[in-house]
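Here's a quick look around a protein model for someone meeting it for the first time. Take a moment with the sequence and the 3D view first.

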Amino acid sequence: MKPIFVQFKCKPGMAYRVADSLIQDVEEISEVFSTSGHYDLIAKFYLDDDQDIGHFVTERLQVTEGVADTFTLVAFKAFG
């Protein structure tokens with residue numbers, strides 16, 4: 001399994017709906033947090049080693065109603 005983190009910029013007033021939709025509809029999600037700054041949410045996902053990150057983000061996450069933009073971070077190693 002490979003972890004990725006995706007930050008979500010949501011359309012105005014949609015952050016809580018986007019978070020709920022991700023939790024309900026995306027089985028690969030581990031956690032989602034509201035954040036301050038340029039993005040409204042950050043979520044952690046675990047993908048199978050053979051799962052394509054680009055397809056997952058563009059076809060499963062960016063199409064979520066209320067999502068205006070995403071920023072994806074690939075994690076290499078967990079410490080602790």
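## Ground rules

This is a predicted model, so to speak of local features we need pLDDT of at least 70, with side-chain atom pairs counted only at pLDDT 80 or more, while totals for chains, interfaces and linings use all residues. Numbering starts from 1 along each chain as its sequence is written, and side-chain values use heavy atoms, leaving out hydrogens and water.

## The core

The largest nonpolar core has 18 residues, and Phe8, Phe45, Phe56 and Leu61 have the most contacts inside it. (Such a core is a set of buried Ala, Val, Leu, Ile, Met, Phe, Trp, Tyr and Cys residues joined through side-chain atoms within 4.5 Å; buried means under 20% relative accessible area, exposed over 50%, partly exposed in between, with a 1.4 Å probe and protein chains only.)

Strand E1 (2-10), helix H1 (15-25), strand E3 (41-47) and helix H2 (53-61) each give two or more residues to this core. (Helices, H or I with at least four residues, and strands, E with at least two, are DSSP runs numbered from the N terminus.)

## Aromatic pairs

The whole structure holds two aromatic pairs. (Rings of Phe, Tyr and Trp, the last by its six-membered ring, pair if their centres lie within 6.5 Å; planes under 30 degrees apart are stacked, over 60 edge-to-face, the rest tilted.) Tyr39 and Phe71 make a tilted one, 6.2 Å centre to centre with 40° between the planes. Phe45 and Phe56 are edge-to-face, at 5.4 Å and 70°.

## A buried lysine

Lys44 sits in strand E3. Lys44 is buried but has no salt bridge, and Glu31, the nearest side chain of opposite charge, is 4.4 Å away. (Lys and Arg count as positive, Asp and Glu as negative, with His and the chain ends not counted; a salt bridge needs a side-chain nitrogen of Lys or Arg within 4 Å of a carboxyl oxygen of Asp or Glu.)
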